[in-house]
Amino acid sequence: MDNGESVIEAAGVWRRYSGGFAAVRGVSFSVRRGEIFALLGTNGAGKTSTVELLEGLARPAEGAVRVLGHDPFDRRDLVRPRTGVMLQEGGFPSELTVAETIRMWAGCTSGARPEGEALELVGLAGRRRVRVKQLSGGERRRLDLALALLGRPEVLFLDEPTTGLDAEGRRDTWALVRALRDSGTTTLLTTHYLEEAEELADRLAILHEGRVAATGRVAEVVAGHPSRISFQLPEGYFLGDLPPLAPLGVTGHEISGRRVLLRTGDLQRTATGLLLWAREARVELAALDARTASLEEVFLRIATGAAAGSPGGADTGEQPAREGALSPAAAVPGAGTAPPAGAAPPGDAAALPGARGGGRA
Ligand SMILES: Nc1ncnc2c1ncn2[C@@H]1O[C@H](COP(=O)(O)OP(=O)(O)OP(=O)(O)O)[C@@H](O)[C@H]1O
């Protein structure tokens, strides 16, 4: 395993908390050497519970985890020195200065980077004499990251690494994680920012209620989901005035006032047919917008679709997701299905579930 293949591996992993609640239900994925792999999911989906198993902080109830070829719980002595961990909440003494914190950590880390190098990496070189309690939330996240990188780890676990960072700080962190990847570091990160996953991740998995609902490269996860075209029909025109939609590849539609949204499996064919019709009919399609499916759309389908259809509690056994595929719970609605006229517009403006601010109980 330690030869350029799978460096992090979860195989049919379950995690139960006291009381029997199964937070992780048969999760499987693997991360190859030098990859950045993102775990996505709504609050409570099981991301942290899964990552903690890989960090060796707990043992799975069922299934197996391997990091660098070893069980991270049983062989913590072998795995821990080669991994860097950034938890959701750092929890270091707030009276220490930034430099003292680094030095304290370095004392427990073999082959630690020099203090200046670690702080330079995360953009905190100018804050070395500041007490931790005086740092901003974003600066604390940077210090967390500096500590995770102190031992030049081969494997990096980052739990919501950019929560609390401003846009510039987030981009700095992305550049750093990419640079680490380019030098061979394998990274598993959890995030609530879909843009972060799109920017960084070589591959990803979307967890929902403790299971992998979709996995693969972003393009694979998004593939098969309908593209969308929206526009406004002018006064006096109705849906029935459009050319027949099914032959244009349209699989569903929604109408809200004058606004029409078409879902299509063939964006070019639909757009061409629509625009040819508009030119012939001398119709202006106001607010015309055409876009391929996005990770956000897939994520929302999983979050809302599965939430609507799931009893949310029964342990139904392992359900590994196909690469680039969605679980049945999140399947695209059938061709031609459409809500009644006047239904609310689609969920492209819906807010994503926010990041959890606090630490773990
Ligand atoms: N110590 C615990 N005891 C009991 N249940 C727990 C414990 N820790 C987490 N859970 C529950 O397990 C489920 C998964 O939690 P987890 O923190 O792994 O989710 P997450 O995907 O990381 O969520 P978030 O995005 O909010 O960090 C949640 O329902 C949570 O309430």
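**View 1. Glycine 46, in the loop between E3 and H1.** This is a predicted model, in which local features need pLDDT of at least 70, side-chain atom pairs count only at pLDDT 80 or more, and totals for chains, interfaces and linings use all residues. Residues are numbered from 1 along each chain as its sequence is written. Helices (H or I, at least four residues) and strands (E, at least two) are DSSP runs, numbered from the N terminus. Is glycine 46 buried or exposed? Glycine 46 is buried, with 23 other C-beta atoms within 10 Å. For reference, a residue counts as buried if 20 or more other C-beta atoms lie within 10 Å of its own, as exposed if 12 or fewer do, and as partly exposed in between, with C-beta atoms placed from the backbone. Setting aside residues up to four places away in sequence, glycine 46 touches Ala23, Val24, Gly41, Leu207 and Gly210; contact here means C-beta atoms, placed from the backbone, within 7 Å. Leucine 207 sits 161 residues away from glycine 46 along the chain, yet their C-alpha atoms are separated by 6.9 Å.

**View 2. Helix H1 and its covered residues.** After the helix comes glycine 56, with a positive phi near 80°. H1 also lies across E1, E2 and E4, running at about 120° to E1. Angles like this one run from 0 to 180 degrees between N-to-C directions, and the axes are lines fitted to C-alpha atoms, for helices over the stretch in contact.

**View 3. The open sheet of 6 strands.** Follow the strands across in the order E5-E6-E7-E3-E8-E9, and you'll find that the pairing is mixed. Strands count as a pair if DSSP finds at least two bridges between them. At the edges are strand E5 (83-86) and strand E9 (211-216), each pairing on one side only. Neighbouring strands here are turned by 15° against each other on average, direction ignored. Which way do E3 and E7 run? Strand E3 (residues 36-41) and strand E7 (residues 186-190) run parallel, joined by 4 bridges. Alanine 38 has leucine 189 in E7 as its bridge partner. Two helices pack on this sheet. Helix H1 (residues 47-54) touches E3, strand E6 (155-159), E7 and strand E8 (203-208), and its direction makes about 150° with that of E7. Helix H6 (residues 167-182) touches E3, E6 and E7, with its direction also at about 150° to that of E7.

**View 4. Alanine 38 and the largest nonpolar core.** A nonpolar core is a set of buried Ala, Val, Leu, Ile, Met, Phe, Trp, Tyr and Cys residues joined through C-beta atoms within 7 Å. Of the 67 residues in the largest one, Ala38, Ala146 and Leu204 touch the most other members. Leaving aside neighbours within four places in sequence, alanine 38 is in contact with Leu189, Thr191, Ala197, Leu200, Ala201 and Leu204. There is a second, separate core of 9 residues, among them Ile229, Leu242, Val260 and Leu274.

**View 5. The open sheet of 3 strands.** The order is E2-E1-E4, and the pairing is antiparallel. Strand E2 (22-32) and strand E4 (62-67) each have a single partner strand, so one side of each is left without a neighbour in the sheet. The twist averages 15° from one strand to the next. Between strand E1 (residues 6-16) and E4 there are 5 bridges, and alanine 11 is partnered by alanine 64 of E4.

**View 6. Strands E10, E11 and E12.** Strand E10 (residues 227-232) pairs with strand E12 (residues 259-264) in the antiparallel sense over 6 bridges, where glutamine 232 has arginine 259 as its partner. Strand E11 (residues 250-256) also pairs with E12 in the antiparallel sense, over 6 bridges, and glycine 252 stands opposite arginine 263. In the hairpin of E11 and E12, with 2 residues between the strands, glycine 257 takes a positive phi near 65°.

**View 7. Residues 306-361, where pLDDT stays under 50.** pLDDT is the predictor's confidence in each residue, from 0 to 100. The chain averages 83, and 83% of the residues score at least 70. Where pLDDT is low, the predicted coordinates should not be read in detail.
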